[in-house]
Amino acid sequence: MVEKLHLTVEKHPEPYKLSWLKKGNDVRVDKRCLVQFSIGRYYKDEVLCDVVPVDACYLLLGRLWLYDRRVIYDGFKKTYSFVKDGVKITLGPCQMENKSKSSNGNWSSLLSNCQFLHRMDRFIDAFALVLLQENEDQEHIPYSLKPLPKEFQDVVPDEIPPGLPSVREIQHNIDFVLGASIPNKAAYRMSSKEHKELQRQVDKLLRKGLIRESLTPCAVPALLVPKKDVSWRMCIDSRAVNKITIKYRFPIPRLDDLLDQLHGSSIFSKMDLRSGHHQI
């Protein structure tokens, strides 16, 4: 900020070092300058500041400023109160200018059409994010995009097809370190409702052929984690097994080669898989 505003600096009468601004290295403070600043419409001041490289902010008002202004901090309201030139000033947390209250009383960061056009006058390029809800009327979808869901229905099916995928070039095995103690962890405590849900998911995966009965001598616990849509996600706690598993390493494709394969592509989409673990 000192360089950008061309502020005049002078040598610090008592240079010192700071070690908390930059991890691993001490920062030597040997310059200072007088800075005029304002906060809001009512508070204007000038402070003799030490000049240091810092990424957190441009101006850091520390304990000396609190001491000189006899500032009173309210931790509940997050405000700083003090008297300057006979006027009581209270500084509070700033609010985002683009926030507005919605009909239900909650704060929203969405812009109205008027606000959007006003802000776009200050920029050359802009990107618009268009959201289509699942239950939205199909008439709002452009005609040229309507055939795409049917054409690529095999990519996002309503139900995962039964059976395992085809055999790949590399088949992964879970091999343990020789002489390692085989873990056998106790099951997590569950309610009767969770037990029924866990059994239902296991039976469904067995019917589809996505899993099979375990042949390993070790036992790892399973647990259910609630999802945003109130359904349950089954997770396997494999931390004990991972500790004694031999880590196999395979060459990762070069990023340049992967990007070259996208040559000519013009449409990209980010889709939520129905069951990411099994499909991936």
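Figure 1. The protein exposes about 25600 Å² (Shrake-Rupley method, 1.4 Å probe; for residues, only the protein chains shown count as cover). Carbon and sulfur atoms supply 55% of that area. This is a predicted model: local features need pLDDT of at least 70, side-chain atom pairs count only at pLDDT 80 or more, and totals for chains, interfaces and linings use all residues. Residues are numbered from 1 along each chain as its sequence is written, and side-chain values use heavy atoms, with hydrogens and water left out. Of its 280 residues, 14% are buried (under 20% relative accessible area; exposed is over 50%, partly exposed in between; 1.4 Å probe, protein chains only).

**Figure 2. The largest nonpolar core.** Its 12 residues are V2, C33, V35, F37, Y43, V47, C49, W65, V71, F82, I89 and L91. A nonpolar core is a set of buried Ala, Val, Leu, Ile, Met, Phe, Trp, Tyr and Cys residues joined through side-chain atoms within 4.5 Å. Two or more residues each come from β2 (27-39), β3 (43-50) and β6 (87-91). V47 is in contact (heavy atoms within 4.5 Å) with C33, L34, V35, F37 and W65, leaving aside neighbours within four places in sequence.

Figure 3. The whole structure has 0 disulfides (pairs of cysteine sulfur atoms within 2.5 Å). For C33, the nearest cysteine sulfur is that of C49, 6.2 Å away. C33 counts as buried because its relative accessibility is 2%. C218 is also buried, at 13%.

**Figure 4. A nonpolar surface patch.** I170, V177, I246, Y248 and F250 form this patch, with about 420 Å² of accessible area together. Nonpolar side chains (Val, Leu, Ile, Met, Phe, Trp, Tyr) are joined within 5 Å, like charges within 9 Å. V177 sits in the loop between α4 (147-151) and α5 (192-208). At 41% relative accessibility, V177 is partly exposed.

Figure 5. Most residues other than glycine have a negative phi. H6 has a positive phi of about 55 degrees. H6 lies in the loop between α1 (2-5) and β1 (10-18), and is exposed at 69%. Phi of D85 is positive too, near 55 degrees. D85 lies in the loop between β5 (79-84) and β6, and is exposed at 70%.

Definitions and conventions
Helices (H or I, at least four residues) and strands (E, at least two) are DSSP runs, numbered from the N terminus. Patches are made of residues with over 30% relative accessible area and no salt bridge: like charges are joined within 9 Å, nonpolar side chains (Val, Leu, Ile, Met, Phe, Trp, Tyr) within 5 Å. A salt bridge is a side-chain nitrogen of Lys or Arg within 4 Å of a carboxyl oxygen of Asp or Glu.
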